[in-house]
Amino acid sequence: MKKENIIIGIIVLAVIVILGVLFINLNKNETTESNIKDSKDMINMVNSIYQNINNELPSLETIAIDVNNLDDVTSYTGLKSNKDIEEVVISVPMMNAQAYSLAVVKVKDGANVESLKQEMLDNINMRRWICVSAEKLYITNNGNIIFLVMSNKDTAKSVYDGFKSYVNNKIGKELEKTNEEEDIDLPSEMPTTPAIPVL
């Protein structure tokens, strides 16, 4: 009788261990795979995030850019190469003097997502606008989708949290940067006085 109980106990324990391992592996796969398949999904995601945040945003244009144009890829993502990139969607103000930029990058299978995120963090220009700069930059990923947003602290955080919520917090390593530089103050215009004609 004791022997049968021990055998049954071992079988139950083995089943529990196997189910636990399967559950962990299923969860791992969920966090590394993204449901965002193409630029259309990326644009829809960005629009959905915007609809669910409380911060007031500038008038924005959300579009896919040509990944073969390395200048655009570098300008909006900080990446120095486009070889590991499948698609890029950006969301930027229609008026250039507003410090806001969002980029969603779909990387190719097998690419090192963490390395690309670090390259973006290291190289993105947080002062890419005339006289203004982004105060805060956030980067993370959901599978092979990298999400970058930079703006003032409150807006950037709100949009970033919106992305995390959109992917049910199934994200990779989170990176952030604070810009310590202040905006450039332009000199006030010179007073306009009518020129005195010389006689």
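I started at leucine 137 and listed its contacts, leaving aside neighbours within four places in sequence. The list holds Leu121, Ile124 and Met126, then Leu148, Val149 and Met150, and finally Leu175, Glu176 and Lys177. I note here that the model is a predicted one.

Next I looked up the largest nonpolar core, which has 29 residues. Leu137 is among the members that touch the most others, along with Val105, Val107, Ile139 and Ile146. I then checked which elements give two or more residues to this core: they are helix 3, strand 2 (85-93), strand 3, helix 4, strand 4 and strand 5.

I went on to strand 2. I looked at its pairing on both sides of the record. Strand 1 (residues 60-65) runs antiparallel to strand 2, and six bridges join the two. Isoleucine 63 has isoleucine 90 of strand 2 as its bridge partner. Strand 2 and strand 3 are also antiparallel and are joined by six bridges. There, valine 88 has its bridge partner in strand 3, valine 105. Val105 was already in my notes as one of the core residues that touch the most other members.

For helix 4 (residues 113-123), I asked which residues are buried. I found Val113, Leu116, Lys117, Met120 and Leu121. They lie on the same side of helix 4, because they cover an arc of only 140 degrees around the axis. An α-helix has 3.6 residues a turn, so residues three or four places apart point the same way. I then looked up what these buried residues pack against: helix 3 (70-77), strand 3 (101-107), strand 4 (136-142), strand 5 (145-151) and strand 6 (175-178). At the N-terminal end, helix 4 is capped by asparagine 112, with a side-chain oxygen 3.2 Å from the backbone nitrogen of glutamate 114.

My last entry is asparagine 179, in the segment after strand 6. Is asparagine 179 buried or exposed? It counts as buried, because its relative accessibility is 14% and the cut-off is under 20%. The side chain of asparagine 179 makes a polar contact of 3.2 Å with that of serine 133. Beyond its neighbours within four places in sequence, I found asparagine 179 in contact with Met126, Arg127, Ser133, Ala134 and Glu135. Met126 also stands in my list for leucine 137.

Definitions and conventions:
Residues are numbered from 1 along each chain as its sequence is written. This is a predicted model: local features need pLDDT of at least 70, side-chain atom pairs count only at pLDDT 80 or more; totals for chains, interfaces and linings use all residues. Side-chain values use heavy atoms; hydrogens and water are left out. Buried means under 20% relative accessible area, exposed over 50%, partly exposed in between (1.4 Å probe, protein chains only). Helices (H or I, at least four residues) and strands (E, at least two) are DSSP runs, numbered from the N terminus. The arc is that of the directions from the helix axis to the C-beta atoms. Contact means heavy atoms within 4.5 Å. A polar contact is a pair of N or O atoms within 3.5 Å; within protein, one must be able to donate a hydrogen and the other to accept it, and residues adjacent in sequence count only if both atoms are side-chain atoms. A nonpolar core is a set of buried Ala, Val, Leu, Ile, Met, Phe, Trp, Tyr and Cys residues joined through side-chain atoms within 4.5 Å. Two strands pair if DSSP finds at least two bridges between them.
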